[in-house]
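Hi everyone, thanks for coming.

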Amino acid sequence: VSDAPSLAPSAHFREALERGSLELQRCASCASSVFPPRVLCPVCSSQDLEWHRSEGVGTVYSASTLQPRDAALYTVLLVDLDDGARVMAVTPGTSPGIGARIRVSVERDDEMPRLVAQVER
Amino acid sequence: MSAPRGTIAAVGIGEDGIGIAEPGSTPLDLIARSTTRALHDAGLQMSDVDGLFTASAYYQLPSINVAEYLGLRPRFSDSTALGGSSFVAHVGHAAAAIAAGLCDVALVVYGSTQRSDAGRLVSQSEGSPYEMPYRPRYPVTMYALAAARHMHEYGTTREQLAEVAVAARAWARRNPGAFARDPLTVDDVLASRVVSSPLTVRDCCLVTDGAAALLLTSAERARDLRRPPVHLLGYGEAHTHRSITSMPDLTVTGAVESGRRAYAQAGVQAADVAMLQLYDAFTINPILFLEDLGFCAKGEGGDLVASGAIAPGGRLPVNTNGGGLSYCHPGMYGLFALIEAVRQLRGEAGERQVEGDIALVHGNGGVLSSQVTAILGTDAVR
């Protein structure tokens, strides 16, 4: 997917995210989704992993809302993406609810790119 | 390799600094005092100890730090680090080492001054770059995610979670050594500050100081020592993930596997267990472990804890010292669960004493990551 020269898996992921793209690994041997990125498939041990760009659409698997004393309320999510992996994401405000359909996009928080979820319409 | 059923026994226990330690204490000070108490309890000398098992959030090379302070020259050491379950694992590993002739008297020991160090303690967790940008509060948010999923799948309620904390407090009120002994109701738990929904501050374990020491040796040698031996009947360990994002199913823990292994070795079933000491870092934990260890079907843990079964007077006593929720929680709790099982099986638990010859101790580490089960019994069931 990426035109960049080959990088270590975690660096590839981070570099893609910096460009606003969520890229994930899939095992070419057993088709398992692999996340966090690594050099071998934890299901079948194959080292033949391929990158693909995720659509970023999925279902909320679980959610927990936090209210810091001096900052806005936010909800930490685990999201099961339709194209494979379970990832952590965040949404401002209260929980969209477990089972809600959401889309994640890359936004910056303190210079750090991260996945922010919005309810899919 | 493991030690054959009933061939290894716990022969000495000691604790120190439970709650708030003497000002200026280091973890090693508490470790040393708890070790001295365990040796006295067993009728052994420091020079008898030739195997050392410890883990720490303070020391990079914990066996070496502890041995230097105590003046030990162990011929076998193990610093297995699985988080809070490490010390239950150390019992299994020590038993195997004794059975293999690698040591004769094993010291399993742990101490922390986490409460006195508040704000200064460096977290033992490195933090995942795939989680930290989302600002979960480690580790409570990870357990909150498990609780939320359990509520969604099985209809477990907020009140049922609170019942776990209330039962723990009811036990602590019978234990003069417990740190938190004020009355606690379900309403109190529900009305307390939400830390990471659905968990409130009263769903979370204490932050205390404390140390504990446990001595193990062969059942043969145990016969000549001061206290009635408590035998290791079965042992099992498992781990399934490091970060919560990688936990396959947030409602099922590796306790399924560790429990199966421990029951198989002990030759007992859940129905034979008289009491449980379950690592209750958060109120969801005992619910998950009761299900995964076979005390009820998956999804029925909430009903079980709300039935009163786990509280004083109930048919299935859980965390009779008050647990990590009300007894103490100095960073890692596993060893304190073991100590309480030994006290109970010796009949030394005072006002909170329960009947029975078989206790199950279950340790949890990381974020439901590592699960270790030990089944202990009196001479009567060896």
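Let's start where B:Arg135 and A:Asp109 form a salt bridge, 2.9 Å from N to O; by that term I mean a side-chain nitrogen of Lys or Arg within 4 Å of a carboxyl oxygen of Asp or Glu. This one crosses between chains: B:Arg135 sits in the loop between β4 (106-112) and α4 (140-154) of chain B, and A:Asp109 in strand β7 (residues 101-109) of chain A. Helices (H or I, at least four residues) and strands (E, at least two) are DSSP runs, numbered from the N terminus.

A quick caution: this is a predicted model, where local features need pLDDT of at least 70 and side-chain atom pairs count only at pLDDT 80 or more, while totals for chains, interfaces and linings use all residues. Residues are numbered from 1 along each chain as its sequence is written, chains are lettered from A and ligands numbered from 1 in the order in which they are written, and side-chain values use heavy atoms, leaving out hydrogens and water.

So, is A:Asp109 buried or exposed? It's buried, at 19% relative accessibility, whereas B:Arg135 is partly exposed at 39%. The cut-offs are under 20% relative accessible area for buried, over 50% for exposed, and partly exposed in between (1.4 Å probe, protein chains only).

B:Arg135 also bridges to A:Asp110, at 3.1 Å, N to O, and A:Asp110 is exposed at 66%.

Now over to chain B, where B:Asp41 pairs with B:Arg346 at 2.7 Å, N to O. B:Asp41 is in helix α1 (residues 27-42) and B:Arg346 in helix α12 (residues 334-346), so this pair ties together parts 305 residues apart in sequence.
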